[in-house]
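Please read them beside the coordinates.

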2 protein chains.
Amino acid sequence: MSGWVRIVGLGPGCDGLITPEAQATLAEATDIVGYIPYVARIPDRPGLTKHASDNRVELDRARHALDMARAGAQVAVVSSGDPGVFAMASAVFEALEGAPDADTLDIEVLPGITAMLAAAARIGAPLGHDFCCINLSDNLKPWTLIEKRLRLAAEADFAMAFYNPRSKSRPEGFARALSLLQQVCADTRPIIFARAVSTEEEEIKVLPLPDATPEMADMRTVVILGSSTTRHVGRYVYTPRFAK
Amino acid sequence: MSGWVRIVGLGPGCDGLITPEAQATLAEATDIVGYIPYVARIPDRPGLTKHASDNRVELDRARHALDMARAGAQVAVVSSGDPGVFAMASAVFEALEGAPDADTLDIEVLPGITAMLAAAARIGAPLGHDFCCINLSDNLKPWTLIEKRLRLAAEADFAMAFYNPRSKSRPEGFARALSLLQQVCADTRPIIFARAVSTEEEEIKVLPLPDATPEMADMRTVVILGSSTTRHVGRYVYTPRFAK
């Protein structure tokens with residue numbers, strides 16, 4: 001048996017948002033690797049071994065997946081959302097650095113519905129014009145770089161989507177980011193807190209930027225900040241296709 | 001019968017990337033509205049009426065969909081990719097402006113796999129760190145704004161995804177954008193031209209930014225420019241999760 005690694009996006013939570021391509025690959029896999037709650041989404045079946053691991057061990061998990069594939073296993077590395085957006089794909093390629101078989105190992109990334117797009121769809125189309133997407137966790141980059149990007153994104157008048165806004169261990173980061181955005185962006189920009197989109201715990205709040213407070217976000221929340229042109233119509237929020 | 005509008009993302013091209021939620025909605029619709037090639041992707045069946053229209057009539061198309069829903073039809077407005085990313089969702093909400101039933105009409109957006117995520121997955125994980133997404137068409141915004149955003153995005157060291165890089169009617173825009181990026185970004189950044197991803201005509205080119213030329217893109221191409229940290233490993237391109 002020839003081994004492979006597929007890095008599979010499970011979408012934001014509900015099965016209706018997992019692509020048929022991803023489902024077909026999960027059905028062929030001999031091994032599932034991933035963070036505990038994502039692995040738990042895959043039904044058990046004969047011939048399938050699950051390897052669930054804790055958060056923050058992405059690189060160990062990626063190495064384990066590559067090693068199993070080298071030994072002939074068909075390994076699905078599962079991520080929530082899209083594996084290429086702040087998820088497992090980069091960790092797998094990082095684990096491949098320096099490997100003599102980097103060119104020949106059979107690795108593919110299968111895209112998924114990432115949280116910001118699911119959240120945007122629920123509320124209308126806040127990402128309907130130019131936007132940026134920033135990971136607010138300062139585990140892997142300095143706060144100074146996050147701050148620089150926030151300032152430039154505000155100056156560019158992008159709508160912005162924020163991943164990992166607020167971890168339990170470092171809750172102060174999001175307070176700083178929010179305070180900076182409240183200083184540099186117009187008060188009319190709407191901000192959207194979308195938690196656990198497409199699951200039973202889904203909760204969506206929309207409010208003017210000045211009314212936002214840090215505890216409105218947790219690690220299951222994606223935050224979207226409108227641009228200066230983002231508008232309300234009926235119960236929807238959208239960013240028009242045109243700009244001046 | 002109570003009418004509705006669903007704005008449905010068909011993904012980048014192949015059926016394996018259409019979500020089950022989107023498929024279920026297409027199966028319930030009485031009417032399909034959209035740009036000719038996207039409507040052509042939906043199989044005919046008894047009870048389904050297709051309304052295909054040309055490019056650049058997004059607002060007329062959106063109004064038509066809303067009016068049919070008001071008259072009781074169950075209307076799927078189809079977009080390629082994700083409807084909230086430079087596609088039909090914003091046009092539908094724009095068409096809803098000022099309508100007395102803006103609050104009560106039954107409208108939902110169903111997310112899809114947008115082109116940049118499908119393209120990124122094919123080549124590795126070039127959008128694995130902070131990135132921005134810019135529509136390069138100057139039909140609906142001035143070139144000065146595009147230029148400002150490109151300069152600020154380069155300064156922020158975002159990876160960048162570009163939609164609608166080069167139209168037949170205005171091919172010079174992409175030449176200007178590319179020339180600007182070649183001036184302000186380091187020569188080591190890789191650029192990816194991904195055409196017709198997930199279809200039989202799929203074609204993907206990766207090269208150093210200085211080697212890119214405008215005719216490498218057309219309207220079916222999404223272009224991804226790496227950040228300063230984007231790297232090659234084996235035959236893949238990825239942006240590491242960490243930054244300095």
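The points below cover the domains of chain A and then a sheet in chain B.

1. The model is predicted. The UniProt record, an unreviewed entry, places the feature "domain: Tetrapyrrole methylase" at residues 7-211 of chain A. Over that stretch the chain is 34% helix and 23% strand, with the end C-alpha atoms 39 Å apart.

2. The domain assignment divides chain A into domain 1 (4-113) and domain 2 (116-238). Eight residues from domain 1 of chain A and 10 residues from domain 2 of chain A make up the contact. The C-alpha centres of these two domains lie 28 Å apart.

3. About 720 Å² is buried between domain 1 and domain 2 of chain A, and 63% of this is on carbon and sulfur atoms. On the domain 1 side, A:Pro12, A:Arg56 and A:Phe86 lose the most area to domain 2, together accounting for 63% of what that side buries.

4. In chain B, three strands form an open sheet in the order S6-S13-S12, with mixed pairing. Strands S6 (124-125) and S12 (231-233) of chain B each have a single partner strand, so they stand at the edges with one side left without a neighbour in the sheet.

5. S12(B) pairs with strand S13 (residues 236-238) of chain B in the antiparallel sense, over three bridges. B:His232 has B:Val237 in S13(B) as its bridge partner.

6. What lies across S6, S12 and S13 of chain B? It is helix H4 (residues 88-96) of chain A, which runs at about 120° to S13(B).

Notes
Residues are numbered from 1 along each chain as its sequence is written. Chains are lettered from A and ligands numbered from 1 in the order in which they are written. This is a predicted model: local features need pLDDT of at least 70, side-chain atom pairs count only at pLDDT 80 or more; totals for chains, interfaces and linings use all residues. Side-chain values use heavy atoms; hydrogens and water are left out. Two strands pair if DSSP finds at least two bridges between them. Helices (H or I, at least four residues) and strands (E, at least two) are DSSP runs, numbered from the N terminus. Contact means heavy atoms within 4.5 Å. Axes are lines fitted to C-alpha atoms, for helices over the stretch in contact, and angles run from 0 to 180 degrees between N-to-C directions. UniProt positions are given in the numbering used here, feature names are shortened, and annotations may be inferred rather than shown by experiment. Domain bounds come from an automatic or database domain assignment. Buried area is the accessible area (1.4 Å probe) that two parts lose on being put together, summed over both.
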